[in-house]
Amino acid sequence: MVQEITVEELRDKIDANGDVTLFDTRNPEDYADWHIAQAENVEYSGANDELVGDFDAHREELNADDEIITICATGSSAGQFAEWLEADGFENVLTVEGGMESWSMLYDVVPIATRNDDVEILQLQRRSKGCLGYVVGDRRTGEAAAIDVTRATETFKNAAAERGFDITHVFDTHIHADHISGGRRLADELGVPYHLGSPAATRDPEYDFDGVDPNDTVNVGDVDIKSVHTPGHTTGMTSWLIDDEALLTGDTLFVESIGRTELQFADADARDGARVQYATLQKVILSLPDHVKILPGHFSVTDDGEYVDVTPGMPMVTTVGSVRQTNEIVQLDEEEFVEHMFENLPSKPPNYETVIATNQGSYQPENVDEENELELGPNRCAATEDSVVADD
């Protein structure tokens with residue numbers, strides 16, 4: 001009987017020793033679209049219970065007692081391949097429970113250092129997809145806000161509860177294009193307000209929300225969460241300023257890149273969107289004090305599962321001062337910035353129009369399987385997959 005391991009155990013093995021032997025049994029097209037960086041592709045047909053890909057070269061490199069791990073979309077064909085490997089004489093074979101679907105929902109919960117000891121910020125990192133969400137808590141009152149919540153609402157609730165917080169408010173920075181928001185679902189479940197910036201009305205959401213006008217503040221315990229309108233990625237993008245401590249920037253500004261602007265703005269209007277983004281960066285974000293932390297809504301993961309200028313499990317954070325000094329894009333003049341935003345755009349997020357419709361409330365996926373399918377693959381909300389931060 002092949003032993004199963006969880007995605008958390010796989011993560012720990014990779015973090016402890018990146019040189020794991022991991023075989024992905026999906027077809028080559030699905031593997032090429034998105035896979036774990038350490039995985040090699042050996043296709044195995046679950047329907048026919050037979051090896052399709054070539055394993056001979058791998059067999060020559062492996063010893064009978066080497067640890068081998070298998071993974072597929074949901075765990076089925078990988079489990080069959082693991083049994084095939086055991087029958088072929090390999091003695092230490094593991095298979096990943098839930099496959100890539102479970103890997104897609106794996107999170108690291110990382111504390112972010114704050115200047116104010118009464119304010120706690122937790123960064124929830126969705127390792128496979130590059131989504132970042134937050135729990136912001138007030139240690140004095142035990143109240144907390146959950147921001148940019150994904151479908152993994154239990155992960156956000158558990159992160160808050162483990163630190164003694166009750167979630168009293170839920171926020172989104174914008175109507176997302178690359179993943180399905182769990183914000184409304186969590187707010188409804190807890191019976192608490194769901195906030196978007198009031199400019200989100202420009203995206204025509206088909207549900208009620210508690211809008212926050214630009215420069216207005218929501219109090220979560222004694223922590224001030226201020227609405228900062230930062231359009232560009234979308235017209236409704238709102239960043240949330242936490243007690244003059246940190247700015248949660250959604251898809252406006254990342255640690256290693258800039259948010260793309262053509263997912264909402266089409267054709268000729270796309271360049272206008274880039275000009276709006278430029279004004280937001282120069283006149284709004286860079287006007288903040290240098291010490292203010294930038295906490296983005298995403299980090300970049302390539303289709304090959306490589307992380308761009310970040311390390312999962314470590315804080316993904318920069319500061320206004322660092323952005324001003326090292327981010328090459330924000331140092332461009334306006335015309336250069338606009339041109340740069342359109343020179344090397346990555347492909348659009350998979351199913352992004354349906355994901356937007358879901359987050360607008362105009363479309364309802366049939367079931368969890370469809371939600372999983374809509375979200376598979378890394379996010380592509382950055383203007384480029386390459387780093388735009390100057391080397392020191």
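The largest nonpolar core of this predicted model holds 25 residues, and those with the most contacts inside it are L124, V135 and V170; such a core is a set of buried Ala, Val, Leu, Ile, Met, Phe, Trp, Tyr and Cys residues joined through side-chain atoms within 4.5 Å, where buried means under 20% relative accessible area with a 1.4 Å probe, protein chains only. Several elements supply at least two residues each, among them β9 (119-126) and α11 (352-360), while α6 gives the most, with three residues. Helices (H or I, at least four residues) and strands (E, at least two) are DSSP runs, numbered from the N terminus. Apart from this core lies another, of 24 residues, among them V218, A246, L248 and V310.

The model is predicted, so local features need pLDDT of at least 70 and side-chain atom pairs count only at pLDDT 80 or more, whereas totals for chains, interfaces and linings use all residues. Residues are numbered from 1 along each chain as its sequence is written, and side-chain values use heavy atoms, with hydrogens and water left out.

Six strands form an open sheet of mixed pairing in the order β15-β16-β17-β18-β19-β20, two strands being paired if DSSP finds at least two bridges between them. β15 (217-220) and β20 (318-319) stand at its edges with a single partner strand each, so one side of each is left without a neighbour in the sheet. Another open sheet, of five strands with parallel pairing, has the order β1-β7-β6-β2-β3, and its edge strands are β1 (3-5) and β3 (39-41).

| Strands joined | Bridges | Direction |
|---|---|---|
| β16 (residues 223-229) and β17 (residues 238-242) | Five bridges | antiparallel |
| β6 (residues 67-71) and β7 (residues 92-96) | Four bridges | parallel |

Within these pairs, K226 has L241 of β17 as its bridge partner, and I69 has L94 of β7.

How values were computed: Buried < 20%, exposed > 50% of the residue type's maximum accessible area, 1.4 Å probe, protein only.
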